[in-house]
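Q: I have a model open and want to learn how to read its features. Where do we start?

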Amino acid sequence: GTMPLPGEVQTLPLRLAEVCYGVDPVQDWLAWLPIARLGTLVFWWLLLWATYRLAFLYGGMLAGRFAVALLACEPILLGHASLATTDLAFTACLLTMIAVFRGRREEAHWARRLVVPAVWVMVTFLAKASALLFVPVCLTLIELERLWNAGWRPRRNVDAWKPAFDSLRDLALIGLMGGVLLFAVCPRASRGLMFQVRHNLEGHGATFLLDDVSANGYWYYFLACLAIKVGLPVLILLVVMLVVRPRSLLNGPLWATVGLLALTPGFRVQIGVRFVLPIAALALVGGSAAFARWWAEQQTQARR
């Protein structure tokens with residue numbers, strides 16, 4: 001059920017050492033495991049760039065810098081950046097895909113508007129099979145927020161629906177091209193995707209939460225995990241912005257955050273917060289953009 005991209009990147013130095021110097025990384029795996037874990041830094045740097053770029057799109061330079069500062073100190077993201085696993089790689093690819101997609105929406109050229117996001121859809125699927133749910137939800141909500149802030153509203157007039165139909169067409173084309181590229185690059189990707197669906201339907205057995213155990217899991221499992229694990233600065237930032245400027249929270253990353261949170265009660269595989277790392281990253285970006293917008297509205301030094 002594991003998609004190939006993170007493992008290929010993380011084990012590339014091991015393979016090169018095996019071919020060039022005849023070493024056996026499996027035999028001496030304790031010495032080579034830290035080398036594989038260094039491969040995750042490729043995705044960590046990508047995540048830092050995507051965080052800055054996405055926050056910049058919604059709140060300007062201050063939002064980008066603030067988001068990177070928060071991300072670079074976020075414990076759960078730092079913890080997973082030191083492991084040779086798929087979770088941080090998936091988070092990095094997902095945020096990069098969103099940043100590329102959102103940054104190209106006003107482009108007239110179809111290649112930049114459709115093909116480049118489709119390539120990143122493929123890359124995100126190659127990172128983790130969870131993209132089967134995360135990608136369509138995030139892209140749809142990001143685009144819906146863009147339309148809403150551009151002034152589009154549902155009306156009975158057929159012509160008023162044209163922007164929505166155009167967006168739906170673009171999303172469908174991006175998804176179709178991304179799927180074609182995925183199976184062209186990795187024909188066996190269907191196995192990982194099918195395993196992901198079956199695994200979520202069947203669950204993972206017993207679930208442990210707050211000194212309790214359940215055979216069927218908890219509907220609030222990931223809500224509780226995020227409340228426990230996400231750093232207090234991010235949570236405080238979101239609460240403060242909700243009090244002082246609620247409308248500033250109506251940005252694309254937070255739309256995607258709320259949409260994904262609403263789906264977490266249906267996640268049956270409950271063995272850690274790592275499955276929802278993108279939610280933490282998106283909340284961090286959205287909160288930073290909200291803060292930057294509020295800050296820009298403060299006209300006097302005294303209020304700042």
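Q: Which handedness does the crossing of α7 and α8 have?
A: A note first: this is a predicted model. Two packed helices are described by the angle between their axes and by the distance between those axes. Here the crossing of α7 and α8 is right-handed. The axes of α7 (residues 131-149) and α8 (residues 162-185) come within 11 Å and cross at roughly 155°.

Q: Are α7 and α8 roughly parallel or roughly antiparallel?
A: Angles over 145 degrees count as roughly antiparallel. The two helices cross at roughly 155°, and α7 and α8 are therefore roughly antiparallel to each other.

Q: On to charges. How many salt bridges are there?
A: Side chains of opposite charge can pair when their charged atoms come close. The count in this model comes to nine salt bridges.

Q: What separates Glu 18 and Arg 15 in helix α1?
A: About one helical turn, because they sit three residues apart in α1 (residues 4-21). Glu 18 is partly exposed, at 32% relative accessibility. Arg 15 is also partly exposed, at 48%.

Q: Which residue forms a salt bridge with Lys 128?
A: Asp 87, with the closest N and O atoms 2.6 Å apart. This pair links distant parts of the chain, 41 residues apart: Lys 128 is in the loop between α6 (110-127) and α7, Asp 87 in helix α5 (residues 87-103).

Q: Are Lys 128 and Asp 87 buried or exposed?
A: Both Lys 128 and Asp 87 are buried. Buried means under 20% relative accessible area.

Q: Which residue does Glu 297 pair with in a salt bridge?
A: Arg 245, with the closest N and O atoms 2.8 Å apart. Again the pair links distant parts of the chain: Glu 297 is in helix α13 (residues 277-297), and Arg 245, 52 residues apart from it, lies in the loop between α11 and α12 (252-263). Glu 297 is partly exposed, at 36%. So is Arg 245, at 25%.

Q: Which residues do salt bridges with shared partners join into one network?
A: Arg 113, Lys 162, Asp 166, Arg 169 and Asp 170.

Q: Now backbone angles. What is the phi of Leu 210?
A: About 55°, a positive value although Leu 210 is not a glycine. Leu 210 is in the loop between β1 (207-209) and β2 (212-214). It is exposed, at 61% relative accessible area. Asp 211 lies in the loop between β1 and β2. Its phi is near 60°, also positive in a residue other than glycine. Asp 211 is exposed, at 85%.

Conventions: Residues are numbered from 1 along each chain as its sequence is written. This is a predicted model: local features need pLDDT of at least 70, side-chain atom pairs count only at pLDDT 80 or more; totals for chains, interfaces and linings use all residues. Side-chain values use heavy atoms; hydrogens and water are left out. Axes are lines fitted to C-alpha atoms, for helices over the stretch in contact, and angles run from 0 to 180 degrees between N-to-C directions. Helices (H or I, at least four residues) and strands (E, at least two) are DSSP runs, numbered from the N terminus. Angles under 35 degrees count as roughly parallel, over 145 as roughly antiparallel, 65 to 115 as roughly perpendicular and the rest as oblique. A crossing is left-handed if the near helix is turned anticlockwise from the far one by less than a right angle, and right-handed if clockwise. Buried means under 20% relative accessible area, exposed over 50%, partly exposed in between (1.4 Å probe, protein chains only). A salt bridge is a side-chain nitrogen of Lys or Arg within 4 Å of a carboxyl oxygen of Asp or Glu.
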